[in-house]
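This report describes selected local features of one structure. Please keep the sequence and the 3D view at hand while reading.

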Amino acid sequence: MEIGLQDALQHFNVDKGAWYGWTDNSLGMIYSNLKLLDDTATMPSEADVNAKIAELEIQENRKYDYPSIPDQLDDIFHNGLDAWKATIQTTKDKYPKG
């Protein structure tokens, strides 16, 4: 799944309803086309939005790269906690947090 602008915007002004919209629908969903619909909402900076997109991409990549829970439990049962930790660490190293 590709993480986009709208995915990131959901994490800002979470106490608001429809707080953002687009100045011109023909320009598409890009940051420079973003406008506030709620005067009480705060416009996140483009840097904050990009940082949130990067954070969400790491979470998404890790989610799909980790073995399933049954496979993890099987790994623990057959190989012990240290082997399981090594398996999990591979994904953590592949997709490090910012």
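Is tryptophan 19 buried or exposed? Tryptophan 19 counts as buried because its relative accessibility is 3%; buried means under 20% relative accessible area, exposed over 50%, and partly exposed in between, with a 1.4 Å probe and protein chains only.

## Basis of the description

The model is predicted, so local features need pLDDT of at least 70 and side-chain atom pairs count only at pLDDT 80 or more, while totals for chains, interfaces and linings use all residues. Residues are numbered from 1 along each chain as its sequence is written, and side-chain values use heavy atoms, with hydrogens and water left out.

## Aromatic pairs

Rings of Phe, Tyr and Trp (its six-membered ring) pair if their centres lie within 6.5 Å; planes under 30 degrees apart count as stacked, over 60 as edge-to-face and the rest as tilted. By this rule there are two aromatic pairs. The ring centres of tryptophan 19 and tyrosine 20 are 5.0 Å apart and their planes lie at 70 degrees, so this pair is edge-to-face.

Tyrosine 20 also forms an edge-to-face pair with tryptophan 22, at 5.7 Å centre to centre and 75 degrees between the planes. Tyrosine 20 is buried at 18% relative accessibility, and tryptophan 22 is buried at 16%.

## Asparagine 13

Asparagine 13 is found in the loop between helix H1 (5–9) and strand S1 (20–22). Helices (H or I, at least four residues) and strands (E, at least two) are DSSP runs, numbered from the N terminus. With 16% relative accessibility, asparagine 13 counts as buried.

The phi of asparagine 13 is near 50 degrees, a positive value in a residue other than glycine. Most residues other than glycine have a negative phi.
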